[in-house]
Amino acid sequence: MTTGPAPGPDEATGELPAVAPQLRELRRRAGLTLEAAATRAQLSPAHLSRLETGQRMPSLPLLLGLARTYGTTVSELLGETPAVADPIVRGGGPGARESDGWTYWPAGGSGRGMQALRVHVPQSRGAGELVRVHPGEEWLYVLQGRLRLHLGETEHLLEPGDSAHFDSLTPHRIGAATAAGADLLFVHTLLQSSLAGLCLGGGATAHHR
């Protein structure tokens, strides 16, 4: 199980203040105990409890995993679901979000079957990166920098202009191969049906390599 890094000095009042109450509310809405939700999200109950109380801030991979666990979107986790859906996302819209070295901006509408983000990925930490496995598909396109993508036992080095489209049941992790990080467009599908919890309960795993 993943417990995540120790919180930094500013994490309790960090960049994602809406996450803690949203995580707690969405878990209760799903009718899950803390222990059941933690098991589905491949976290320890203590770690999930700290996320729900704002003592720790989740990284982008954790946000994506929790959104899938609760059958929602990262936007809803952040309390950003608009009252009226707008098909246009302006470049000067909601500001950047930062967590665990990742910076990301919404690049698509909320409440959809897939989510689009513009992401800045920090330099690869090797064995310290989270390996993710979950139902769905992911697509990414490198805008700037070089990206290191691990799919199963294979490592790929992507240059600007390169893209990848893969089944996310394949164990995967990403990190920048350049010291300045890498910028990319990132799209992933999201299971939003009432059966999402059953699909994710036994098959999804997240661990460190």
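Here is a short walk through the salt bridges of this structure. The model is predicted, so local features need pLDDT of at least 70 and side-chain atom pairs count only at pLDDT 80 or more, while totals for chains, interfaces and linings use all residues. Side-chain values use heavy atoms, with hydrogens and water left out, and residues are numbered from 1 along each chain as its sequence is written.

Let's begin with the count. A salt bridge here is a side-chain nitrogen of Lys or Arg within 4 Å of a carboxyl oxygen of Asp or Glu, and by this rule there are 5 salt bridges.

One of them pairs Arg27 with Glu52, whose closest N and O atoms are 2.6 Å apart. Arg27 sits in helix 1 (residues 19–29) and Glu52 in helix 3 (residues 45–52), so this pair ties together parts that are 25 residues apart in sequence. Helices here are DSSP runs of H or I with at least four residues, numbered from the N terminus. Both Arg27 and Glu52 are buried, a word that means under 20% relative accessible area, with exposed being over 50% and partly exposed in between (1.4 Å probe, protein chains only).

Now turn to Arg132, which forms a salt bridge with Glu138 at 3.3 Å between the closest N and O atoms. Arg132 is buried, because its relative accessible area is 10%, and Glu138 is buried too, at 2%. These two residues and Arg68 are linked in a network of salt bridges.

Arg148 is partly exposed at 24% relative accessibility, and Glu155 is partly exposed at 43%.

Technical notes. Helix = DSSP H or I, 4+ residues; strand = E, 2+ residues; numbered from the N terminus.
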